Each structure stands twice: as structure tokens, then as C-alpha cells.
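Biologist: I have not seen this structure before. Please take me through it by question and answer.

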Amino acid sequence: MDGDKQTARRRSRVRVLGTLPPRRRLVLTLFSFLTPLALWSAISYLPFIWHPMVRVAEAGDASWFSDGELVDGDAFAEENARIRAADGHLATGARANPVFLPPPHAVLRALVTGFTTPPARPDEPWLHQALWHSITIIFWGFVVSSVVGVPLGILCGALPATARLTEPFVEFFRYLPAPAFGALAVAVLGIHDAPKIAIIFVGTFFQQVLVIANTTRRIDPGLLEAAQTLGASRKALLFRVVVPGVITDIYTDMRVLLGWAWTYLIVAELIGVSSGITFFINQQAKYRAYDKVFASIVLIGLIGLGTDLVLARLGRRLFPWLPSAGPRRRLFYGLRRPARATGVAAASALDTTEAASVEAKGAASA
Amino acid sequence: MSASLALPDYRTQSPAVAERFQRLKERPVVLDVRNLSKRFESASGSVLALDRVSFRAYRRELLCVIGPSGCGKSTLGRIIAGLDTCSGGEMLLDGKSIDGPGPDRGMVFQNYTLFPWLTVRRNVMFGPEVSRGLSATMAEEEAQQWIELVGLSRFADSYPHQLSGGMKQRVAIARALANRPRILIMDEPFGALDALTRAQMQSYLLQIWKNVDVTIVFVTHDLDEAVYLADRVLVLDAHPGRVRELMEVPVPRPRTREQFTSPEFVAARQHLEELIHPPLQVQPETLPLGRMTVVGDDVE
């Protein structure tokens, strides 16, 4: 009997596919961030885990230490042994991590002060200027790529002839690493923003065409057949069935592709005159301000995640025909579920009886 | 087999039914299928799915097509709709040869195929807009009538995912009919529905058909459904699909579910059953059954 109970409990905890109850979603979402943060904190604040360095508090009689210096732990011990043998004044210090691994609180501080600290040299950008510059590069690279890539992708998916004419070359081209075009882009487009946008374009466009073509090909053929028996012309098939039929999936693809575009940003910004967040990060690394380096990296992540969240929200606004109770693909979808739990329950009951749908409809319009 | 002795011959028709068939056959022929063949080519050879199938459907007739699985009844429906090509033979609609899909032949599929991004109203407006070139206002008026006909006015602004299976199929019927097709092809339309909803939908269909000037070709594998709905039932053989018989259903109209137990109904159904289910090749008693039970709890 005990075994039975245990199996039942295990079944309710670990679920294969399906959806989670809202509270559990929220808890797990928080843990997905808290776990790495806890690991980082442990390494940063618990000296016995790592801490290979020593931050010198008082140099004492040590020959080459200075106050506040970060020295290798073994070297510190050796030097102190030498001082002890000479009966001198011992150096004191606390174990610490290397400079490239700042503790969470330092990064958090840098995150806050980053925006208020003026740049080290007057010709360098502020953090927010650097970020904004990066965002505009991504934006234009992605927009230019999408303006051509989305229609071309849909055409490739819908028309086999277009696909044959386009895809073999695109397949070839997508294997060429975008940074390889850096020198060429600078030669053609100059040294400022244009070659950077071009690199984002090269990195995004070819994947975009293929991904969107494949998504378009996955349209339910039954919809096309139904439209044909309703007398749709080829043009109507394309614009009134294929495009609206795949637009939601393409929207999801675009969210993923936007993430890919960000991964080309650092390389793109190194080309020509280094700029944006990459320049900022490199400068801070030169000053050995690794807390600011980490803060910048975290900022990129936050911007990416934030954009995706906003786009997910916007998607639900844009496509009201998507079942709200359907599977949610992204981790943050469920954050505000509890408030809507009743609506979801009603919607899932809809399929069974007409009465339920009447109720839900009433609720929806109310 | 003693029960069958008590049943009337399925060919015996009451005077009312006989008169109805007389009138039916005086009506113009809407669909004339002549020697239609379909051969599927594949790597492992070619399969003859349909072999010289010929039949006619009269105006406002409800013709059911049944047959064992693999007899090509769905293929037949798809060829008439223009979604598949035939390998031989021809089809005439109102005396004119047809080729490829067109708005004169509506189709209702088993899996609804409603456009999920359109509301019920806009789904129904689709045909009138794209094929008849109606303006949005006129298409909307047209759609409204059909939505009312299938009793879904309250759901006109719902999206398909908010509807039950039966309601979705009613929308699909309204969408097909809004195009004013000459014939409506229904390919196992109620196959995905539960038994209760299916029974309800069959009655709905008869109700709708009574008010609309349309010839229906209804593909099904459900014998009760065929007898309940059809004027005539086209029975196909499998491998290759050939016309076995075109049976006239002796059950009078209007049809009700009480007729399921009437002698004519049972006789017609039993005849179809004999046509479709050939005698078993292997008798159950001769199967070399091993015992898989643990205790001697015999079920018989």
C-alpha cells in the first residue's frame, strides 16, 4: 500500500508533457533563476569552496605586497613563511576569488551605479548610450533581414518552384560564418554602423528564410483543400489561407530568431569602429572592472528576456484566435495565470458541451 | 437467420416510397460519373483504387457511398471535389465536364478544416467573398442566413477553438453551403464525433437539407447512418473499388430515429451488411487459440 502511495505522489509531482498548475509554474520559474544565483553566491561568499586568492589587508614586512592587493594564495603563504622565518611582521589578508569573478552584490551594485557613473574618459559613451546603440544595431539588422526574409520564406514554403530556386543557395550560404564577412562589409559599407547591421543581417537572414519556409510548409493541408473547394484562387490561397494560417508560428519563429540576432551582436560591434555594449564591455575589462563586465552581460540577458516577454504578450493580443488554454511554449507565460484561472477552466470545458460554451462566451463578453 | 425470414425484401417499396423514387428520377441529373478509375502509383507497384465507377445523382438527392475500408470511397469523394485527379473516365456536373476543384462542389471534411483565425461568421463569409466576389456587407448578410440555418447565431463571433466538435461541423456545413454549390460532398463528416452528437448531427443534416436545394454525396462507413440519411446507397467493393450495387432505401421520409427498428430499415441495413461484410475467411472456432488466462474463470 505504501508503494502505491509513493507512486501516486511521484505521478503528481513529475509530469511528462501536459501543463503545470499556475503556482507550480511560478515556483519553478523562480527556481530556474535562483538555483544559478545560489551557486554563484556560494562560490562567492563561502571561502572554503574556492577562493584561491588572498586580498592583502596589511602588507607587514612582505617585500612585494601592497595594501589591498590581490595575490595568489600559495604565494601569500610562501611569503608569510619567509617573514616568519625572519621573525618579521606578518602580512594579513582574507581569502578571495580572482578579480574576474565578482560576487553577486558587486555586480548588482555595478548594475545600479553603471547608469550613474560617468565614463572614464569624456569621449567614451555612458552605459545607457552604449546599450541604446547596440539595440539600434540589432533593430535595424533584424528589420532589414525580416523585410526581405519573411516574404521570401513564405513564398519558398508555399511555392515549390521558388523554394527550388532559392533554398539550395541559402542552404549553402547559411554555413558561411557571418563574421567572415566583416572585412568585406567594412570595405563596402565603411567603418561605422552599416557594416555592423550587415553582419546581423547575414547572420539572421539565411536562417530566417529556411526556418520560415519550413514553418510555412507545415500548414495543415486540409485548410488549403477546404479553401480550394470554396473556390479560392491561387492568390486567395496564398494571402487568405497560407499567410494567416502560418502567421502565429512565424511570430514564434521571429522571437527565436531575434535571440539569434543578439548572438551576432558582439561580433558585429567589433567590426570597424568598435561600438555599443561591446566597446563598453571591452573598456571595462581593460580597467579590470569585471563587476561592470558582468553587469553589462546581465543587462543584455535582461533586455533579451524582456523583449521576448513583451512580444509574447503582444502575440496574445495580436492573435485572439489562439486557444488561451493551449500549450505555452515559453517559461514566463504563466506568471500571471492565477488571476485568469477561471477563464482557463471555462475554456477547457468548452469542448465538451454546448452549455459550457454558452457560459464561457457570456463570461468572455462580460 | 430466422429473423431475416420475417423481414420484407429490401426491394419492396410502399406506394409512397415508390412514388418518391419515381419523382426523384424524373428530376434532372446533377452529377453524372462515368467509368471513373483511379490508379495509385507507388514504388511497390500500382494499385487500382477505383475501377470504372459509374453512377448518377439527381437534383436534391441524398446519395450515400459506403464500402469496406480500402474501397476508395473517400478517394471517390475527393475526385468529385477536384482534390484528386482521376486516371480515367469523366464526370459531368449539370451536363458539363468538370476538372479541378470549384465552388460548384462544396466539401465537408471529417476534421472540420475551419480556418482557426476567422470567427464563425468570417469562416462562412469566406466562400461568398473569394468565389462569388461579394462585397463584405453582402457576404456578411449571406453568411448570417446560413449561420441561422444551422442554429449558431449566438456563436457567430466565436472562434472555432471555442466550439464543440458538433458545432464546428455545423459551421463547416454552413461554410460549404454559403457558396451555393450544386452538390455537397461530405467525407465521413461525423466520424470524429461521439455517438450521441453524431445522431444529433444526422438529424440536423436532414433538417438543413430539407431547406436547401442541394444534392448531397455522403461518404460513410456507418450502415445505420447510410440507411437513415440516404435516398439511394452506392455500395462499393474493395480492391479494386467497383460499384457493387446502387440500393434504393425503402424507408419513407420524413425520417425519424424511431424508424431504426422498422422492418424496412432493418431489411435495408441487413442487405447492406451482407454486401459489405463477406463471409469470414477464417472461422473463429478454427483459430489456434492458446489460453492466456490464469484461473479457470471461463467467460462463457
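Modeller: H10(A) and H13(A) are roughly antiparallel to each other, because their angle falls in the class over 145 degrees. The model is a predicted one.

Biologist: At roughly what angle do the axes of helix H10 and helix H13 of chain A cross?

Modeller: Helix H10 covers residues 234-263 of chain A and helix H13 covers residues 290-318. Their axes come within 11 Å, and the crossing of H10(A) and H13(A) is right-handed. The angle at which the two axes cross is roughly 170°.

Biologist: How many charged residues does the contact of H10(A) with H13(A) have?

Modeller: On the side of H10(A), the contact is made by A:Tyr251, A:Arg255, A:Leu258, A:Gly259 and A:Trp262. H13(A) brings residues including A:Ile300, A:Thr307, A:Asp308 and A:Leu311. By class, the contact of H10(A) with H13(A) has 5 nonpolar and 4 polar residues, and the number of charged residues is 2.

Biologist: Are H7(A) and H8(A) roughly parallel, roughly perpendicular, roughly antiparallel or oblique to each other?

Modeller: Helix H7 (residues 182-189) of chain A packs against H8(A) at an angle of about 140°, with the axes 8 Å apart. The crossing of H7(A) and H8(A) is right-handed. An angle over 145 degrees would count as roughly antiparallel; the class of H7(A) and H8(A) is therefore oblique.

Biologist: Which residues of H8(A) make the contact with H7(A)?

Modeller: By class, this contact has 7 nonpolar, 1 polar and no charged residues. H7(A) takes part through A:Gly182, A:Ala185, A:Val186 and A:Leu189. From H8(A) come A:Ala194, A:Pro195, A:Ala198 and A:Ile199.

Biologist: Is A:Val267 buried, exposed or partly exposed?

Modeller: A:Val267 is found in helix H11 (residues 265-270) of chain A. Leaving out residues up to four places away in sequence, A:Val267 touches A:Ala178, A:Pro179 and A:Ile199. A residue needs 20 or more other C-beta atoms within 10 Å to be buried. A:Val267 has 17, so the class is partly exposed.

Biologist: Is B:Ala172 buried or exposed?

Modeller: B:Ala172 lies in helix H6 (residues 165-177) of chain B. Not counting residues up to four places away in sequence, B:Ala172 touches B:Val108, B:Tyr112, B:Thr113 and B:Leu114. Because B:Ala172 has 26 C-beta neighbours inside 10 Å, this residue counts as buried.

Biologist: Which element gives the most to the side of chain B that touches chain A?

Modeller: The contact takes 26 residues from chain B and 21 residues from chain A. Strand S6 (105-108) and helix H4 (120-131) of chain B each supply at least two residues of the side of chain B that touches chain A. That side divides into 14 nonpolar, 11 polar and 1 charged. The element that gives the most to it, with 4 residues, is H4(B).

Notes
Residues numbered from 1 in each chain as written. Chains lettered and ligands numbered in written order. Predicted model: local features only at pLDDT ≥ 70, side-chain atom pairs only at ≥ 80, totals over all residues. Contact = placed C-beta atoms within 7 Å. Nonpolar A, V, L, I, M, F, W, Y, C, P; charged D, E, K, R; others polar. Axes fitted to C-alpha atoms, helices over the stretch in contact; angles between N-to-C directions. Parallel < 35°, antiparallel > 145°, perpendicular 65-115°, else oblique. Left-handed = near helix turned anticlockwise from the far one by under 90°. Buried ≥ 20, exposed ≤ 12 C-beta atoms within 10 Å, placed from the backbone.
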